[in-house]
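User: I have a model open and want to know what stands behind the labels. Please take me through it.

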Amino acid sequence: MSERSTTTPLSQQPDADILILGAGPAGMLCALTAARRAKENKTPREILLVDQDRTPARKLRASGGGRCNCTNQNASPEHYISANPRFTAQALKRLPPAQFLNLLQGLGLSASQEDQGKMFCDQGAEALALALEKACRKAGCRFLLGRPVVGVIPPKEKGGLFTVDTHHGPLFAPRVVLALGSPAWPALGGGDAIARLAGQLGLTHIPARPALTPLVLSGPELQLARELTGLSVTSRLSLNAESACGGVAITDSLLFTHQGLSGPAALRLSSYWRKGEPISIDLAPEADVPALLRQPGRGKALARTILSELMPRRLVEARLAALPKEFAARALGDRRIAELSRVEMDALANIVREWRITPRTTAGMAQAEAASGGLDTDAFSPKTLQCKTIPGLFALGEALDVAGDLGGYNLHWAWASGYAAGHAL
Ligand SMILES: Cc1cc2nc3c(=O)[nH]c(=O)nc-3n(C[C@H](O)[C@H](O)[C@H](O)COP(=O)(O)OP(=O)(O)OC[C@H]3O[C@@H](n4cnc5c(N)ncnc54)[C@H](O)[C@@H]3O)c2cc1C
(Lines give C-alpha, C1' and ligand atoms only; values in the text may rest on other atoms or scores of the structure.)
Protein backbone atom coordinates (compact mmCIF):
# COMPACT_ATOMS: atom_id res chain seq x y z
CA MET A 1 0.00 0.00 0.00
CA SER A 2 1.53 3.28 -1.06
CA GLU A 3 1.76 6.13 1.46
CA ARG A 4 1.31 9.60 0.02
CA SER A 5 1.28 13.06 1.42
CA THR A 6 -1.74 15.37 0.97
CA THR A 7 0.45 17.62 -1.21
CA THR A 8 0.59 15.29 -4.23
CA PRO A 9 -2.82 15.69 -5.87
CA LEU A 10 -1.38 15.79 -9.41
CA SER A 11 0.04 12.28 -9.16
CA GLN A 12 -3.06 10.86 -7.48
CA GLN A 13 -3.43 7.16 -8.15
CA PRO A 14 -6.27 5.22 -6.59
CA ASP A 15 -5.29 2.98 -3.67
CA ALA A 16 -8.34 0.85 -4.49
CA ASP A 17 -11.52 0.87 -6.57
CA ILE A 18 -13.57 0.85 -3.37
CA LEU A 19 -12.46 2.07 0.05
CA ILE A 20 -14.65 0.72 2.85
CA LEU A 21 -14.15 2.76 6.01
CA GLY A 22 -14.94 0.52 8.99
CA ALA A 23 -14.40 -3.26 9.05
CA GLY A 24 -17.42 -4.04 11.23
CA PRO A 25 -20.23 -6.38 10.17
CA ALA A 26 -21.76 -3.85 7.73
CA GLY A 27 -18.40 -3.00 6.08
CA MET A 28 -17.26 -6.62 5.83
CA LEU A 29 -20.51 -7.97 4.35
CA CYS A 30 -20.49 -5.08 1.88
CA ALA A 31 -16.89 -5.90 0.88
CA LEU A 32 -17.62 -9.60 0.51
CA THR A 33 -20.76 -9.00 -1.57
CA ALA A 34 -19.03 -6.49 -3.86
CA ALA A 35 -16.00 -8.77 -4.31
CA ARG A 36 -18.13 -11.81 -5.16
CA ARG A 37 -20.27 -9.82 -7.58
CA ALA A 38 -17.21 -8.40 -9.31
CA LYS A 39 -15.89 -11.93 -9.73
CA GLU A 40 -19.22 -13.16 -11.17
CA ASN A 41 -19.27 -10.25 -13.60
CA LYS A 42 -15.60 -10.78 -14.45
CA THR A 43 -14.86 -7.15 -13.56
CA PRO A 44 -12.14 -7.42 -10.92
CA ARG A 45 -12.32 -4.75 -8.21
CA GLU A 46 -9.67 -3.73 -5.69
CA ILE A 47 -11.46 -3.47 -2.35
CA LEU A 48 -9.68 -2.09 0.69
CA LEU A 49 -11.21 -2.10 4.19
CA VAL A 50 -9.75 0.51 6.55
CA ASP A 51 -10.24 0.29 10.32
CA GLN A 52 -8.85 2.17 13.31
CA ASP A 53 -8.57 -1.06 15.23
CA ARG A 54 -6.04 -3.85 14.75
CA THR A 55 -8.90 -6.32 15.36
CA PRO A 56 -11.84 -5.88 12.97
CA ALA A 57 -15.47 -5.99 14.18
CA ARG A 58 -14.98 -5.77 17.93
CA LYS A 59 -18.68 -5.13 18.61
CA LEU A 60 -19.63 -8.15 16.53
CA ARG A 61 -17.16 -10.27 18.54
CA ALA A 62 -18.82 -9.12 21.80
CA SER A 63 -22.38 -9.38 20.51
CA GLY A 64 -24.98 -11.30 22.48
CA GLY A 65 -22.49 -11.74 25.32
CA GLY A 66 -20.28 -13.68 22.85
CA ARG A 67 -23.19 -15.80 21.58
CA CYS A 68 -24.11 -13.36 18.78
CA ASN A 69 -27.80 -12.79 18.26
CA CYS A 70 -27.04 -12.45 14.55
CA THR A 71 -30.52 -11.94 13.08
CA ASN A 72 -34.22 -12.09 13.86
CA GLN A 73 -36.89 -14.00 11.94
CA ASN A 74 -39.21 -10.99 12.34
CA ALA A 75 -36.88 -8.38 10.79
CA SER A 76 -39.08 -5.64 9.32
CA PRO A 77 -39.11 -1.79 9.38
CA GLU A 78 -41.33 -1.66 12.52
CA HIS A 79 -38.38 -2.89 14.57
CA TYR A 80 -36.23 0.14 13.77
CA ILE A 81 -36.17 3.72 15.07
CA SER A 82 -35.39 6.31 12.39
CA ALA A 83 -36.66 9.75 11.39
CA ASN A 84 -37.63 7.96 8.17
CA PRO A 85 -39.45 4.82 9.38
CA ARG A 86 -39.66 3.18 5.91
CA PHE A 87 -36.00 3.70 4.97
CA THR A 88 -34.96 0.15 5.90
CA ALA A 89 -37.73 -1.57 3.89
CA GLN A 90 -35.95 -2.16 0.57
CA ALA A 91 -32.68 -3.40 2.02
CA LEU A 92 -34.51 -5.69 4.47
CA LYS A 93 -36.54 -7.10 1.60
CA ARG A 94 -33.39 -7.78 -0.40
CA LEU A 95 -31.79 -9.75 2.44
CA PRO A 96 -34.50 -11.46 4.46
CA PRO A 97 -33.35 -13.46 7.52
CA ALA A 98 -33.59 -16.79 5.63
CA GLN A 99 -31.18 -15.51 2.99
CA PHE A 100 -28.78 -14.26 5.64
CA LEU A 101 -28.86 -17.77 7.16
CA ASN A 102 -27.85 -19.14 3.73
CA LEU A 103 -24.92 -16.72 3.69
CA LEU A 104 -23.99 -17.90 7.17
CA GLN A 105 -24.10 -21.49 5.95
CA GLY A 106 -21.79 -20.51 3.10
CA LEU A 107 -19.31 -19.37 5.76
CA GLY A 108 -19.51 -22.83 7.37
CA LEU A 109 -21.68 -21.59 10.27
CA SER A 110 -25.24 -22.10 11.47
CA ALA A 111 -27.78 -20.46 13.78
CA SER A 112 -30.56 -21.63 16.08
CA GLN A 113 -33.79 -19.90 16.97
CA GLU A 114 -34.71 -18.87 20.51
CA ASP A 115 -37.63 -16.81 21.85
CA GLN A 116 -39.20 -13.90 19.92
CA GLY A 117 -37.59 -14.94 16.61
CA LYS A 118 -34.04 -14.35 17.86
CA MET A 119 -31.38 -16.35 15.97
CA PHE A 120 -28.04 -17.05 17.65
CA CYS A 121 -24.91 -18.18 15.81
CA ASP A 122 -24.22 -21.76 17.00
CA GLN A 123 -20.45 -21.28 16.75
CA GLY A 124 -20.50 -17.92 18.60
CA ALA A 125 -19.63 -14.31 17.83
CA GLU A 126 -15.86 -14.71 17.51
CA ALA A 127 -16.25 -17.53 14.99
CA LEU A 128 -18.58 -15.40 12.88
CA ALA A 129 -16.22 -12.41 12.88
CA LEU A 130 -13.26 -14.63 11.94
CA ALA A 131 -15.20 -16.44 9.19
CA LEU A 132 -16.30 -13.15 7.68
CA GLU A 133 -12.79 -11.73 7.68
CA LYS A 134 -11.41 -14.94 6.18
CA ALA A 135 -14.08 -14.94 3.45
CA CYS A 136 -13.30 -11.29 2.61
CA ARG A 137 -9.59 -12.03 2.32
CA LYS A 138 -10.28 -15.15 0.23
CA ALA A 139 -12.43 -13.05 -2.11
CA GLY A 140 -9.44 -10.75 -2.62
CA CYS A 141 -10.34 -7.86 -0.25
CA ARG A 142 -7.43 -6.27 1.61
CA PHE A 143 -7.47 -4.87 5.16
CA LEU A 144 -5.62 -1.80 6.37
CA LEU A 145 -5.87 -2.07 10.16
CA GLY A 146 -4.81 0.28 12.97
CA ARG A 147 -5.57 3.20 10.66
CA PRO A 148 -8.00 5.82 12.10
CA VAL A 149 -9.89 7.82 9.46
CA VAL A 150 -10.02 11.54 10.21
CA GLY A 151 -11.44 13.08 7.05
CA VAL A 152 -13.17 12.42 3.73
CA ILE A 153 -13.03 14.91 0.86
CA PRO A 154 -15.23 14.28 -2.19
CA PRO A 155 -13.73 14.52 -5.73
CA LYS A 156 -13.53 18.05 -7.10
CA GLU A 157 -14.70 16.96 -10.54
CA LYS A 158 -16.90 14.18 -11.96
CA GLY A 159 -15.00 10.91 -12.17
CA GLY A 160 -12.31 12.14 -9.76
CA LEU A 161 -11.11 10.48 -6.57
CA PHE A 162 -12.20 10.83 -2.95
CA THR A 163 -9.41 11.69 -0.53
CA VAL A 164 -9.61 9.81 2.75
CA ASP A 165 -7.36 11.32 5.39
CA THR A 166 -6.00 8.93 7.96
CA HIS A 167 -3.51 9.35 10.79
CA HIS A 168 -0.87 7.85 8.49
CA GLY A 169 -1.49 9.85 5.31
CA PRO A 170 -4.24 10.00 2.70
CA LEU A 171 -5.83 7.26 0.60
CA PHE A 172 -7.56 7.77 -2.74
CA ALA A 173 -10.46 5.96 -4.43
CA PRO A 174 -13.39 6.68 -6.77
CA ARG A 175 -15.84 5.06 -4.33
CA VAL A 176 -16.00 5.34 -0.57
CA VAL A 177 -18.26 3.53 1.89
CA LEU A 178 -18.89 4.98 5.37
CA ALA A 179 -19.33 1.99 7.70
CA LEU A 180 -17.87 3.57 10.84
CA GLY A 181 -20.68 2.66 13.24
CA SER A 182 -21.97 4.83 16.08
CA PRO A 183 -20.68 6.26 19.39
CA ALA A 184 -22.31 3.39 21.33
CA TRP A 185 -20.03 1.42 23.71
CA PRO A 186 -16.75 3.34 23.20
CA ALA A 187 -14.72 0.61 24.95
CA LEU A 188 -15.47 -1.55 21.89
CA GLY A 189 -14.54 1.13 19.37
CA GLY A 190 -17.67 3.32 19.30
CA GLY A 191 -16.82 6.93 18.42
CA ASP A 192 -18.06 10.14 16.84
CA ALA A 193 -16.26 9.82 13.49
CA ILE A 194 -19.54 9.90 11.54
CA ALA A 195 -20.68 13.18 13.13
CA ARG A 196 -17.33 14.79 12.27
CA LEU A 197 -17.27 13.47 8.69
CA ALA A 198 -20.89 14.58 8.16
CA GLY A 199 -19.80 18.14 8.99
CA GLN A 200 -16.94 17.96 6.46
CA LEU A 201 -19.16 16.46 3.76
CA GLY A 202 -22.05 18.89 4.31
CA LEU A 203 -24.43 16.04 5.22
CA THR A 204 -27.10 16.37 7.90
CA HIS A 205 -26.31 14.38 11.04
CA ILE A 206 -29.06 13.62 13.54
CA PRO A 207 -27.51 13.85 17.03
CA ALA A 208 -26.75 10.42 18.46
CA ARG A 209 -28.56 9.18 21.57
CA PRO A 210 -27.77 6.02 23.51
CA ALA A 211 -30.18 3.14 22.78
CA LEU A 212 -30.50 -0.26 24.46
CA THR A 213 -28.77 0.93 27.61
CA PRO A 214 -29.64 0.23 31.30
CA LEU A 215 -31.79 2.60 33.38
CA VAL A 216 -30.10 4.13 36.43
CA LEU A 217 -32.22 4.68 39.56
CA SER A 218 -31.67 6.76 42.69
CA GLY A 219 -33.03 7.04 46.26
CA PRO A 220 -35.35 4.35 47.64
CA GLU A 221 -35.84 2.83 44.17
CA LEU A 222 -32.12 2.28 43.81
CA GLN A 223 -32.07 0.76 47.29
CA LEU A 224 -34.82 -1.63 46.22
CA ALA A 225 -33.03 -2.55 42.97
CA ARG A 226 -29.84 -3.25 44.94
CA GLU A 227 -31.67 -5.52 47.35
CA LEU A 228 -33.11 -7.44 44.41
CA THR A 229 -29.93 -7.54 42.28
CA GLY A 230 -29.95 -10.56 40.01
CA LEU A 231 -33.72 -11.05 40.14
CA SER A 232 -35.50 -11.15 36.77
CA VAL A 233 -39.28 -10.91 36.20
CA THR A 234 -41.42 -10.60 33.09
CA SER A 235 -42.81 -7.05 33.25
CA ARG A 236 -44.59 -4.49 31.16
CA LEU A 237 -42.86 -1.09 31.04
CA SER A 238 -44.78 1.83 29.57
CA LEU A 239 -44.42 5.55 29.05
CA ASN A 240 -47.20 8.06 29.68
CA ALA A 241 -49.47 8.62 26.71
CA GLU A 242 -48.54 12.35 26.87
CA SER A 243 -44.77 11.71 26.79
CA ALA A 244 -42.59 12.37 23.72
CA CYS A 245 -42.88 8.67 22.80
CA GLY A 246 -46.30 8.18 24.39
CA GLY A 247 -47.93 4.85 23.81
CA VAL A 248 -44.69 2.85 23.95
CA ALA A 249 -45.18 -0.27 26.05
CA ILE A 250 -42.74 -3.16 26.23
CA THR A 251 -43.34 -6.58 27.80
CA ASP A 252 -40.14 -8.54 28.36
CA SER A 253 -37.90 -9.67 31.16
CA LEU A 254 -36.74 -7.01 33.62
CA LEU A 255 -33.52 -7.46 35.56
CA PHE A 256 -32.70 -5.69 38.85
CA THR A 257 -29.06 -4.58 39.09
CA HIS A 258 -26.78 -2.67 41.45
CA GLN A 259 -27.38 0.50 39.39
CA GLY A 260 -31.08 0.10 38.65
CA LEU A 261 -32.89 -1.76 35.89
CA SER A 262 -31.58 -3.77 32.97
CA GLY A 263 -32.61 -6.87 31.03
CA PRO A 264 -34.43 -6.74 27.68
CA ALA A 265 -37.45 -4.75 29.00
CA ALA A 266 -35.38 -1.87 30.43
CA LEU A 267 -32.85 -1.85 27.57
CA ARG A 268 -35.60 -1.70 24.97
CA LEU A 269 -37.52 1.06 26.78
CA SER A 270 -34.35 3.15 27.16
CA SER A 271 -34.32 3.73 23.38
CA TYR A 272 -37.51 5.82 23.82
CA TRP A 273 -37.23 7.18 27.38
CA ARG A 274 -36.36 10.87 27.89
CA LYS A 275 -34.89 12.32 31.08
CA GLY A 276 -37.54 13.28 33.66
CA GLU A 277 -40.25 11.00 32.28
CA PRO A 278 -41.96 8.57 34.67
CA ILE A 279 -42.18 4.89 33.72
CA SER A 280 -45.07 2.70 34.75
CA ILE A 281 -44.20 -0.94 35.52
CA ASP A 282 -46.63 -3.84 35.69
CA LEU A 283 -44.75 -6.64 37.45
CA ALA A 284 -47.23 -9.36 36.45
CA PRO A 285 -48.59 -8.26 33.05
CA GLU A 286 -50.10 -11.62 32.20
CA ALA A 287 -52.18 -11.84 35.37
CA ASP A 288 -55.59 -10.39 36.24
CA VAL A 289 -54.45 -9.26 39.69
CA PRO A 290 -57.79 -8.01 41.13
CA ALA A 291 -59.48 -11.25 40.04
CA LEU A 292 -56.72 -13.33 41.64
CA LEU A 293 -57.04 -11.43 44.90
CA ARG A 294 -60.77 -12.05 44.94
CA GLN A 295 -60.64 -15.74 43.97
CA PRO A 296 -63.50 -17.65 45.56
CA GLY A 297 -62.33 -19.93 48.37
CA ARG A 298 -59.10 -17.99 49.07
CA GLY A 299 -60.51 -15.58 51.61
CA LYS A 300 -58.47 -17.11 54.42
CA ALA A 301 -55.15 -16.80 52.56
CA LEU A 302 -52.71 -14.07 53.61
CA ALA A 303 -52.33 -11.27 51.07
CA ARG A 304 -48.58 -11.87 50.78
CA THR A 305 -49.21 -15.57 49.97
CA ILE A 306 -51.40 -14.69 47.01
CA LEU A 307 -49.00 -12.00 45.81
CA SER A 308 -46.14 -14.51 45.99
CA GLU A 309 -47.99 -16.63 43.45
CA LEU A 310 -47.62 -13.72 41.02
CA MET A 311 -44.04 -12.67 41.56
CA PRO A 312 -40.94 -13.71 43.52
CA ARG A 313 -41.23 -13.44 47.32
CA ARG A 314 -38.32 -10.98 47.59
CA LEU A 315 -40.08 -8.63 45.20
CA VAL A 316 -43.40 -8.99 47.07
CA GLU A 317 -41.72 -8.02 50.35
CA ALA A 318 -39.95 -5.07 48.74
CA ARG A 319 -43.13 -3.78 47.16
CA LEU A 320 -45.15 -4.28 50.39
CA ALA A 321 -42.50 -2.28 52.22
CA ALA A 322 -42.95 0.51 49.67
CA LEU A 323 -46.73 0.81 50.24
CA PRO A 324 -47.89 4.36 50.92
CA LYS A 325 -47.82 5.30 54.62
CA GLU A 326 -51.57 5.02 55.19
CA PHE A 327 -51.49 1.36 54.05
CA ALA A 328 -48.11 0.40 55.45
CA ALA A 329 -49.43 0.99 59.00
CA ARG A 330 -52.22 -1.51 58.38
CA ALA A 331 -49.76 -4.37 57.61
CA LEU A 332 -51.73 -5.45 54.55
CA GLY A 333 -49.40 -8.31 53.73
CA ASP A 334 -50.15 -10.05 57.04
CA ARG A 335 -53.91 -9.75 56.76
CA ARG A 336 -56.32 -12.31 55.34
CA ILE A 337 -57.84 -11.42 51.97
CA ALA A 338 -61.40 -11.64 53.34
CA GLU A 339 -60.57 -8.92 55.92
CA LEU A 340 -59.47 -6.33 53.35
CA SER A 341 -61.58 -3.39 52.23
CA ARG A 342 -61.96 -2.59 48.53
CA VAL A 343 -59.51 0.32 48.85
CA GLU A 344 -56.95 -1.94 50.52
CA MET A 345 -57.40 -4.57 47.79
CA ASP A 346 -56.81 -1.90 45.14
CA ALA A 347 -53.66 -0.76 46.96
CA LEU A 348 -52.39 -4.36 46.92
CA ALA A 349 -53.20 -4.81 43.23
CA ASN A 350 -51.38 -1.56 42.48
CA ILE A 351 -48.11 -2.64 44.05
CA VAL A 352 -48.03 -5.30 41.33
CA ARG A 353 -49.59 -3.46 38.42
CA GLU A 354 -48.54 0.13 38.90
CA TRP A 355 -44.99 0.66 40.08
CA ARG A 356 -44.15 4.20 38.97
CA ILE A 357 -40.53 5.19 38.84
CA THR A 358 -38.57 8.05 37.30
CA PRO A 359 -35.04 6.90 36.47
CA ARG A 360 -32.30 9.38 37.36
CA THR A 361 -30.63 8.77 34.00
CA THR A 362 -29.45 5.95 31.75
CA ALA A 363 -26.07 4.25 31.70
CA GLY A 364 -25.46 6.30 28.52
CA MET A 365 -23.21 5.45 25.59
CA ALA A 366 -20.78 3.60 27.87
CA GLN A 367 -23.16 0.64 28.05
CA ALA A 368 -25.37 1.28 25.01
CA GLU A 369 -25.63 -1.62 22.57
CA ALA A 370 -26.64 0.84 19.85
CA ALA A 371 -27.25 4.53 19.22
CA SER A 372 -30.15 6.23 17.52
CA GLY A 373 -29.33 9.18 15.27
CA GLY A 374 -26.58 9.26 12.65
CA LEU A 375 -26.47 10.36 9.02
CA ASP A 376 -29.88 11.60 7.90
CA THR A 377 -31.26 8.87 5.64
CA ASP A 378 -33.00 11.45 3.42
CA ALA A 379 -29.65 11.99 1.68
CA PHE A 380 -29.28 8.27 0.80
CA SER A 381 -30.99 5.90 -1.61
CA PRO A 382 -32.86 3.21 0.38
CA LYS A 383 -32.12 0.75 -2.46
CA THR A 384 -28.39 1.24 -2.97
CA LEU A 385 -27.36 3.23 0.15
CA GLN A 386 -25.61 5.67 -2.18
CA CYS A 387 -25.61 9.36 -1.31
CA LYS A 388 -27.95 11.39 -3.51
CA THR A 389 -25.80 14.51 -3.41
CA ILE A 390 -22.29 12.97 -3.47
CA PRO A 391 -22.12 10.22 -6.13
CA GLY A 392 -19.74 7.41 -5.21
CA LEU A 393 -20.31 7.85 -1.45
CA PHE A 394 -22.25 5.14 0.43
CA ALA A 395 -23.23 4.72 4.10
CA LEU A 396 -24.21 1.58 6.01
CA GLY A 397 -25.22 0.12 9.33
CA GLU A 398 -25.22 2.25 12.45
CA ALA A 399 -23.53 5.14 10.63
CA LEU A 400 -27.03 5.92 9.35
CA ASP A 401 -29.96 7.18 11.42
CA VAL A 402 -31.28 3.64 11.98
CA ALA A 403 -31.36 1.94 15.40
CA GLY A 404 -32.83 -1.52 15.83
CA ASP A 405 -34.71 -3.11 18.68
CA LEU A 406 -33.03 -5.69 20.90
CA GLY A 407 -33.09 -9.18 19.44
CA GLY A 408 -30.71 -9.35 16.47
CA TYR A 409 -32.25 -6.42 14.60
CA ASN A 410 -29.13 -4.22 14.72
CA LEU A 411 -26.89 -6.87 13.23
CA HIS A 412 -29.55 -7.67 10.67
CA TRP A 413 -29.55 -4.02 9.56
CA ALA A 414 -25.74 -4.10 9.32
CA TRP A 415 -25.97 -7.20 7.08
CA ALA A 416 -28.92 -5.93 4.99
CA SER A 417 -27.44 -2.48 4.33
CA GLY A 418 -23.99 -3.95 3.59
CA TYR A 419 -25.49 -6.48 1.21
CA ALA A 420 -27.59 -3.88 -0.65
CA ALA A 421 -24.63 -1.51 -1.11
CA GLY A 422 -22.34 -4.43 -2.04
CA HIS A 423 -24.64 -5.11 -5.00
CA ALA A 424 -24.65 -1.48 -6.10
CA LEU A 425 -20.92 -0.71 -5.85
C1 LIG B 1 -21.86 -5.17 23.78
C2 LIG B 1 -22.70 -5.20 22.54
C3 LIG B 1 -23.46 -6.33 22.25
C4 LIG B 1 -24.27 -6.34 21.09
N5 LIG B 1 -25.00 -7.46 20.82
C6 LIG B 1 -25.78 -7.49 19.70
C7 LIG B 1 -26.51 -8.66 19.35
O8 LIG B 1 -26.40 -9.73 19.98
N9 LIG B 1 -27.32 -8.59 18.25
C10 LIG B 1 -27.43 -7.45 17.48
O11 LIG B 1 -28.19 -7.44 16.51
N12 LIG B 1 -26.71 -6.35 17.77
C13 LIG B 1 -25.87 -6.35 18.84
N14 LIG B 1 -25.13 -5.23 19.12
C15 LIG B 1 -25.18 -4.10 18.16
C16 LIG B 1 -24.30 -4.41 16.94
O17 LIG B 1 -23.05 -4.92 17.36
C18 LIG B 1 -24.10 -3.15 16.09
O19 LIG B 1 -25.34 -2.62 15.72
C20 LIG B 1 -23.31 -3.49 14.82
O21 LIG B 1 -22.01 -3.93 15.15
C22 LIG B 1 -23.19 -2.26 13.91
O23 LIG B 1 -22.43 -2.63 12.79
P24 LIG B 1 -21.63 -1.53 11.95
O25 LIG B 1 -20.78 -2.32 11.01
O26 LIG B 1 -22.56 -0.52 11.43
O27 LIG B 1 -20.70 -0.78 13.02
P28 LIG B 1 -19.57 -1.34 13.99
O29 LIG B 1 -19.79 -2.75 14.31
O30 LIG B 1 -19.51 -0.36 15.10
O31 LIG B 1 -18.24 -1.25 13.11
C32 LIG B 1 -17.66 0.01 12.81
C33 LIG B 1 -16.17 -0.19 12.56
O34 LIG B 1 -15.62 1.09 12.25
C35 LIG B 1 -14.42 1.26 12.96
N36 LIG B 1 -14.19 2.70 13.16
C37 LIG B 1 -14.89 3.55 13.93
N38 LIG B 1 -14.37 4.80 13.86
C39 LIG B 1 -13.31 4.72 13.02
C40 LIG B 1 -12.38 5.67 12.50
N41 LIG B 1 -12.41 6.95 12.84
N42 LIG B 1 -11.44 5.23 11.62
C43 LIG B 1 -11.38 3.92 11.24
N44 LIG B 1 -12.21 2.99 11.70
C45 LIG B 1 -13.19 3.38 12.56
C46 LIG B 1 -14.60 0.50 14.26
O47 LIG B 1 -13.35 0.12 14.79
C48 LIG B 1 -15.44 -0.71 13.78
O49 LIG B 1 -14.63 -1.81 13.42
C50 LIG B 1 -24.30 -5.20 20.24
C51 LIG B 1 -23.51 -4.09 20.52
C52 LIG B 1 -22.71 -4.08 21.66
C53 LIG B 1 -21.88 -2.87 21.93
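**Ligand shell and the first helix**

Analyst: Start with the ligand. α1 (25–40), α2 (58–62) and α14 (409–424) each supply at least two residues of the shell around it. Keep in mind that this is a predicted model.

User: Which helix gives the most to the shell around the ligand?

Analyst: α14 does, with 4 residues.

User: What makes a residue part of that shell, and which come nearest?

Analyst: The C-beta atom, placed from the backbone, must lie within 6 Å of the molecule. There are 41 residues around the ligand, and Gly-22, Gly-24, Gly-64, Gly-181 and Gly-397 come nearest.

User: How do the residues of the shell divide by class?

Analyst: The shell has 23 nonpolar, 13 polar and 5 charged residues. Gly counts as polar here.

User: Now α1. How do you know what span to expect for it?

Analyst: The expected span is 1.5 Å times one less than the number of residues. α1 has 16 residues, and 22 Å is expected. From first C-alpha to last, α1 reaches 22 Å, close to that value.

User: What comes after α1?

Analyst: Lys-42 follows, with a positive phi near 55°.

User: Why is α1 called mostly covered?

Analyst: A residue is buried if 20 or more other C-beta atoms lie within 10 Å of its own. In α1, 12 of the 16 residues are buried. Among them are Pro-25, Met-28, Leu-32 and Ala-38. The cover over the buried residues includes β1 (18–21), β2 (47–50), α2, α5 (125–138), β11 (175–178) and α14.

User: How do α1 and α5 pack?

Analyst: Two packed helices are described by the angle between their axes and the distance between the axes. For α1 and α5 the angle is about 35°, and the axes are 9 Å apart. Their contact is made by Met-28, Ala-31 and Leu-32 of α1 with Leu-132, Glu-133, Ala-135 and Cys-136 of α5. By class, that contact has 6 nonpolar, no polar and 1 charged residues. The crossing is left-handed.

User: Where is Ala-187 found, and how far is Gln-367 from Ala-187?

Analyst: Ala-187 is in the loop between β11 and α6 (193–201). Gln-367 is 180 residues from Ala-187 in sequence, but 9.0 Å away in space, C-alpha to C-alpha.

Key
Residues numbered from 1 in each chain as written. Predicted model: local features only at pLDDT ≥ 70, side-chain atom pairs only at ≥ 80, totals over all residues. Contact = placed C-beta atoms within 7 Å. Axes fitted to C-alpha atoms, helices over the stretch in contact; angles between N-to-C directions. Left-handed = near helix turned anticlockwise from the far one by under 90°.
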